[in-house]
Amino acid sequence: MPYLGSEDVVKELKKALCNPHIQADRLRYRNVIQRVIRHMTQGLDMSGVFMEMVKASATVDIVQKKLVYLYMCTYAPLKPDLALLAINTLCKDCSDPNPMVRGLALRSMCSLRMPGVQEYIQQPILNGLRDKASYVRRVAVLGCAKMHNLHGDSEVDGALVNELYSLLRDQDPIVVVNCLRSLEEILKQEGGVVINKPIAHHLLNRMSKLDQWGQAEVLNFLLRYQPRSEEELFDILNLLDSFLKSSSPGVVMGAAKLFLILAKKFPHVQTDVLMQVKGPLLAACSSESRELCFAALCHVRQILHSLPGHFSSHYKKFFCSYSEPHYIKLQKVEVLCELVNDENVQQVLEELRGYCTDVSADFAQAAVFAIGGIARTYTDQCVQILTELLGLRQEHITTALSQTLTHCVAVVVQTFRDLVWLCPQCTEAVCQALPGCEEHIQDSEGKQALIWLLGIHGERIPNAPYVLEDFVENVKSETFPAVKMELLTALLRLFLSRPAECQDTLGRLLHYCIEEEKDMAVRDRGLFYYRLLLAGVDEVKRILCSPKSDPSLGLLEDQAERPVNSWASDFNTLVPVYGKARWATISKCRGVEHHGPELPNASCATSGPLVPAENKERVQDLPDSGALMLVPNRQLTAECFEKTWLSLKVAHQQVFPWQGMVHPDTLQMALQVVNIQTIAMSRAGAQPWKAYLSAQDDTGCLFLTELLLEPENLEMQVSVKQSKTRTETLHSFISVLETVIGTIGDFKS
């Protein structure tokens, strides 16, 4: 056989395809075609046999047809003129008595992405929508979306949309799901498929006949429907109840999210739903699929924000296995910290203690850090374990000691100080454990934590002045300015309680910092302390030994339980995995649209690109709106908007300079990112150009907005009406709107 990749391969196959003896033998002919496909999938350019493959499509062998159609769909963009020759064969096959042949031909025609093919596929698609065979209807429905994409920016065919809406009542469940997907793609610019009461109830009644993928899709689309009465609401919830027990995690999570959204006014119902999904979530946390396990753990942590003790009785499910990857172990450790109570604290601490000597230094530090977090509530048990770990003198444990005695915050020194204030009873035990550990601390954060402790509680540690003296001896080789500044403060504090032992050391350190140190921050700190000492010891005590913060202020108390409604819209998305802000950033950087069924009402975590590529340099992060939190998935009809708009007075008007033309699609997508709904918007180029927007915050305050652009004036006029008079939230909303408009358009404030 010739070498793979040489031109001889193409010549040999072309000769074989033209051989009448091979054509007469169906199996031999099919084997040659299979060789062509095999070389094509391996990356060899087989476009040279295009004409011979087109001739091979005229056969009754359905296997051969599949192979030839696959070839033609691959090379049609390279050979558009020759591909048109195969259209007649495809059109003929669309009328074949065999439904498999009809569906295969129609699917292949819709996949021929080349200019001029639209006029040939329109009629076969319409015929396929009315075909008796369900397989052909499935293909035809998906072909509608492909045909719409081929037309580009052409207007939506109303007759085709009506035909697809009517097929939502098709007897075949796959046709129904395909219709939803196609309508979503075709009506993307208009906000996606509309789910009204008849459609919603029809989909609910057909749910049991759908497969698991179809059920998950339909559950996402049903998020757009809002029941009009409590009776209807509970009828829907009763129909959905059985899907909470599905064997598919996707269906269970989709049904749970729909429950949480619909029952937002009934917290007890939301709690019952979360109780029912506890079993499936625990099963997913033990799944062999690492991706599924990680996503489930992220959702467990999200639920624990609202129901802290929800999984406490199943804490052993979150013990780590040696074979689990690092990222799953870290998630489980985080979950264990939130499940600790009086009944299981001893078992959880013993488990975490075993992780502290893990071969992975990062995982061991995370475990020690977790014990430090639990120490805020169960101080004695945790301090005892940490003291024993400190005796091991392992570097990665010793470095993390001061971290683990603090709360889980980024700045180790600050969080350790907070923990000491909250748990003063642990100070004595910590001071007894510290001597000797300075030899094993190498990183800057560990040094700062130790130095701070020696300065604050040095009178309780016998060798504190001598440990600090060692640091002063090596100060010239210290590369971190923060360590030097912490050393200055700690030594001066210790000087006040033990002056005889610290006077000489403090003098040498001040001389070095003032005369030799090159870092200006360290030098200024040294000069400040020197001049403070000149003012007298009493003045030094007044400055450095001022009263500490009162723990009763509650600055470090646990955050209040978050209501379920604050994260219900993010449930069953990637937001729990990445976090809302990070997922919004990832979505922008990917530069691709999110094609999920919730696109028209998506939150900032599931958004697509905000601006065209040429404007990417001007994208800025949206400002933190403070107390303002716009509610996603807020549906407001045009009639309701008009009625409310006429009943309210303008609360704020502002004019922005504007240059260039408005791009409605881009602006609408950017507004979706910040949960602002577009009610109506003029087409691009309209004069004057108008847009009407709606948004609602978590307190129920409604913001109605009119955008008016008059090109001759080169200005964008913004009028905002507010249902509740709240000046602060109004200014926050204006700030968010101004940032979106400034990001999208050629606007300069």
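Trainee: How many helices and strands are in the chain?

Mentor: Helices (H or I, at least four residues) and strands (E, at least two) are DSSP runs, numbered from the N terminus. This chain has 37 helices and five strands. The model is predicted: local features need pLDDT of at least 70, side-chain atom pairs count only at pLDDT 80 or more, and totals for chains, interfaces and linings use all residues. Residues are numbered from 1 along each chain as its sequence is written, and side-chain values use heavy atoms, leaving out hydrogens and water.

Trainee: What share of the residues counts as buried?

Mentor: Buried means under 20% relative accessible area, exposed over 50%, partly exposed in between (1.4 Å probe, protein chains only). Here 50% of the 749 residues are buried.

Trainee: Which residues have the most contacts inside the largest nonpolar core?

Mentor: In soluble globular proteins, nonpolar side chains tend to be buried together. A nonpolar core is a set of buried Ala, Val, Leu, Ile, Met, Phe, Trp, Tyr and Cys residues joined through side-chain atoms within 4.5 Å. The largest one has 145 residues, and Met-46, Tyr-71, Ile-195 and Phe-318 have the most contacts inside it. Helix H16 (residues 249-262) gives the largest share of this core, 10 residues. Another core, of 37 residues, lies apart from it and includes Leu-434 and Ile-451.

Trainee: What does Phe-318 touch?

Mentor: Contact means heavy atoms within 4.5 Å. Not counting residues up to four places away in sequence, Phe-318 touches residues including Leu-282, Cys-285 and Leu-339.

Trainee: Which residues of helix H13 are buried?

Mentor: In H13 (residues 197-206), they are Ile-199, Ala-200, His-202, Leu-203, Leu-204 and Arg-206. Their cover includes helix H11 (158-166) and helix H12 (173-186).
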